[in-house]
Protein chains: 2
Amino acid sequence: MRATLIYGAGDIRVEDAPDPSLKETTDALVRVTTACICGSDLHPYHSMSPADGPSRIGHEFIGIVEDTGSEVTTFKKGDLVVAPFAWSDGTCDFCREGLQTACEHGGFWARNGIDGGQGEAVRVPLADGTLVKLPVEESSPLIPSLLTLSDVYGTGWHAATKGGVNEGTTVTVIGDGAVGLLSVLSARELGAERIILMGRHQTRTDLGREFGATDVVAERGDEGVEKVRELTGGQGSHVVLEAVGHLPAYQQAYGVVRPGGTISRVGAPQYEEAPIGFGSLFGGNITLTGGPAPARAYVETLMPSVLDGTVDPGRVFDRTVDLEDIADGYRAMADREALKVLVRP
Amino acid sequence: MRATLIYGAGDIRVEDAPDPSLKETTDALVRVTTACICGSDLHPYHSMSPADGPSRIGHEFIGIVEDTGSEVTTFKKGDLVVAPFAWSDGTCDFCREGLQTACEHGGFWARNGIDGGQGEAVRVPLADGTLVKLPVEESSPLIPSLLTLSDVYGTGWHAATKGGVNEGTTVTVIGDGAVGLLSVLSARELGAERIILMGRHQTRTDLGREFGATDVVAERGDEGVEKVRELTGGQGSHVVLEAVGHLPAYQQAYGVVRPGGTISRVGAPQYEEAPIGFGSLFGGNITLTGGPAPARAYVETLMPSVLDGTVDPGRVFDRTVDLEDIADGYRAMADREALKVLVRP
């Protein structure tokens with residue numbers, strides 16, 4: 001089959017890879033019908049050393065079940081399924097608590113010999129725990145929105161729920177990428193009336209306004225912080241959803257959060273050490289939460305509103321490429337020509 | 001009057017200071033009858049530069065109201081009152097939400113010309129918001145326990161409630177000082193059945209067991225982390241209450257916390273930067289919370305159990321000194337001869 005590999009920063013190639021086959025009795029083979037490129041794929045695209053490559057890549061996909069291991073009971077050949085960005089058994093303590101990204105037997109795509117999502121097919125471990133059947137046809141116009149359940153919508157939802165967003169909270173979202181915009185959508189779904197979006201790409205912040213942002217702050221750093229403080233009567237924002245992952249975004253987060261408020265991070269941090277002492281988090285009793293979203297936990301919650309058209313998170317996709325042209329999709333996202341790129345194998 | 005001043009590390013002196021008098025119509029004058037030394041007073045005692053001194057010190061006291069400004073309505077001359085470690089108006093948004101340490105018009109004792117608690121008298125700003133009347137006599141044997149409402153019991157309670165302790169949580173408390181021990185007591189009051197206390201001073205951990213600790217881990221660092229992980233079936237502790245404030249205690253906290261769990265800090269951090277990236281907090285979806293406890297918010301909640309004898313948090317006091325001998329009290333706490341020292345002006 002054909003699959004995407006990353007050889008290092010800026011070096012994406014589509015090559016022949018071994019056709020996947022069932023290895024464990026709990027596996028399913030899935031032929032990928034729709035995949036996409038994630039903002040977090042841009043981190044290695046920007047900085048990966050060639051010494052760490054080549055490596056498979058991609059962790060969001062919808063596809064058709066082609067074969068199943070003998071212990072798989074939930075799926076059969078021909079089912080259309082969505083895969084969350086972590087695979088998980090669905091039965092361990094953490095899965096049962098809804099934290100599938102900490103599954104005791106699970107893991108992530110494109111690591112340790114597991115296929116990546118940006119290819120023609122994937123061997124899905126622990127299929128019963130991992131996959132969710134989609135009640136639509138492969139050709140449904142809802143496919144882009146359903147694909148966001150594999151990561152970006154679930155991640156925005158995770159940010160908002162971990163942050164404790166509700167009717168009474170003023171929310172600031174940092175970042176106008178797909179996760180930031182779907183954090184806005186999630187905050188609105190959870191009832192927030194005041195949603196301030198910090199971002200400076202107008203086509204994106206315009207979509208953010210359609211998703212529910214009531215204010216847009218294009219300024220960054222101290223100037224952006226000052227602007228949000230003005231908008232919140234000097235007190236700051238009850239909840240801050242940080243959907244970037246770089247240190248300046250975190251610094252912006254504790255700059256705009258209200259005493260007693262919460263910063264919820266879902267942008268994978270590209271730093272390890274950061275300020276958390278008296279002057280940043282402690283003095284104001286700020287709560288810091290978030291992490292890799294257990295997207296699997298949210299699929300059943302979020303799918304109905306997608307199916308009935310209440311929400312249309314698939315609007316974050318503004319370009320489609322064939323698998324063979326995926327390198328151009330990466331380039332377009334890195335150059336901010338495209339917000340999020342759909343990939344058709 | 002006589003009052004305590006800190007001139008620098010290890011240099012505590014009792015000197016003549018101006019008698020306080022009413023300045024604002026919202027002030028009360030309080031003659032201090034009982035004060036004490038806090039673990040957090042030891043931070044400047046260990047490290048304060050003489051260039052930053054001399055400075056008044058002390059933030060926990062009970063006393064008798066001697067006079068009140070014309071706008072004070074809640075108290076009258078002769079009332080016995082306890083003061084929390086922050087003064088606050090009781091009426092701003094933050095006070096009404098129960099976060100008096102973020103009061104828009106409040107502040108902390110012994111700063112910016114405000115008296116410290118370790119002296120014969122204190123001018124109390126915003127008396128109606130700050131003070132709470134005690135329904136006992138000055139000579140009551142409950143005074144030590146009631147004095148813990150000014151800080152250490154409220155701080156332990158803050159740690160436990162912000163950490164989300166309940167019947168279903170395994171709790172690990174880091175630190176066997178007064179706040180750590182009262183975090184244990186608070187966790188037990190909130191229903192935790194498994195409470196692991198990390199501390200290595202046996203007289204203190206013995207008191208911790210009486211307060212509700214079910215396990216004691218004397219080891220520190222990696223060895224201590226390993227021990228707690230063993231005690232929790234390899235998963236770690238749902239909630240970690242960090243009652244020390246030094247970086248190794250925080251590192252221990254993220255070492256023992258369970259994926260999806262919460263670290264609640266109440267030890268004033270003696271660091272600003274610390275790990276919060278993928279390998280420490282983010283990867284496991286760990287929540288970090290806590291800060292300076294709004295002790296004022298908890299007085300009414302905690303006082304009934306003190307008054308009816310259900311709890312006896314005053315057991316953390318194991319030494320009493322006269323004000324003139326307070327320097328020896330500091331020395332005894334710094335040398336770990338004493339757990340917490342009561343001061344009689």
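Select Arg2(B) to begin: in this predicted model, Arg2(B) has a relative accessibility of 24% and counts as partly exposed, because a residue is called buried only under 20% and exposed only over 50%. Arg2(B) belongs to strand 1 (residues 2–8) of chain B, whereas Glu324(B) sits in the loop between strand 18 (319–322) and helix 12 (326–334) of that chain, so the pair ties together parts that are 322 residues apart in sequence. Glu324(B), at 45% relative accessibility, is likewise partly exposed.

Staying in chain B, select Asp11(B) and Arg13(B), which form a salt bridge whose closest N and O atoms are 2.8 Å apart. Asp11(B) is partly exposed at 25% relative accessibility, and Arg13(B) is partly exposed at 35%.

Arg331(A) is partly exposed at 27% relative accessibility, and Asp328(A) is partly exposed at 36%. Over all chains, a search of the whole structure finds 40 salt bridges.

Now bring both chains into view and turn to the interface, where 41 residues of chain A are in contact with 41 residues of chain B. The area buried between the chains is about 3,200 Å², with carbon and sulfur atoms giving 53% of that area. On the chain A side, select Ile276(A), Phe282(A) and Asn285(A), the residues that lose the most area to chain B and that together account for 22% of what that side buries.

For the polar part of the interface, the count is 28 residue pairs in polar contact, both residues being at pLDDT 80 or more. Helix 10 of chain A supplies 5 residues, the largest share of the side that touches chain B, and by class that side has 18 nonpolar, 15 polar and 8 charged residues. The rule finds 2 salt bridges across the interface; to see a salt bridge between the chains, select Glu97(A) and Arg258(B), whose closest N and O atoms are 2.8 Å apart.

Finish with strand 16 of each chain: the two strands pair in the antiparallel sense over 3 bridges, and Pro275(A) has Glu273(B) as its bridge partner.

Key: Residues are numbered from 1 along each chain as its sequence is written. Chains are lettered from A and ligands numbered from 1 in the order in which they are written. This is a predicted model: local features need pLDDT of at least 70, side-chain atom pairs count only at pLDDT 80 or more; totals for chains, interfaces and linings use all residues. Side-chain values use heavy atoms; hydrogens and water are left out. Contact means heavy atoms within 4.5 Å. Buried area is the accessible area (1.4 Å probe) that two parts lose on being put together, summed over both. A salt bridge is a side-chain nitrogen of Lys or Arg within 4 Å of a carboxyl oxygen of Asp or Glu. A polar contact is a pair of N or O atoms within 3.5 Å; within protein, one must be able to donate a hydrogen and the other to accept it, and residues adjacent in sequence count only if both atoms are side-chain atoms. Helices (H or I, at least four residues) and strands (E, at least two) are DSSP runs, numbered from the N terminus. Ala, Val, Leu, Ile, Met, Phe, Trp, Tyr, Cys and Pro count as nonpolar, Asp, Glu, Lys and Arg as charged, and the others, Gly among them, as polar. Two strands pair if DSSP finds at least two bridges between them. Buried means under 20% relative accessible area, exposed over 50%, partly exposed in between (1.4 Å probe, protein chains only).
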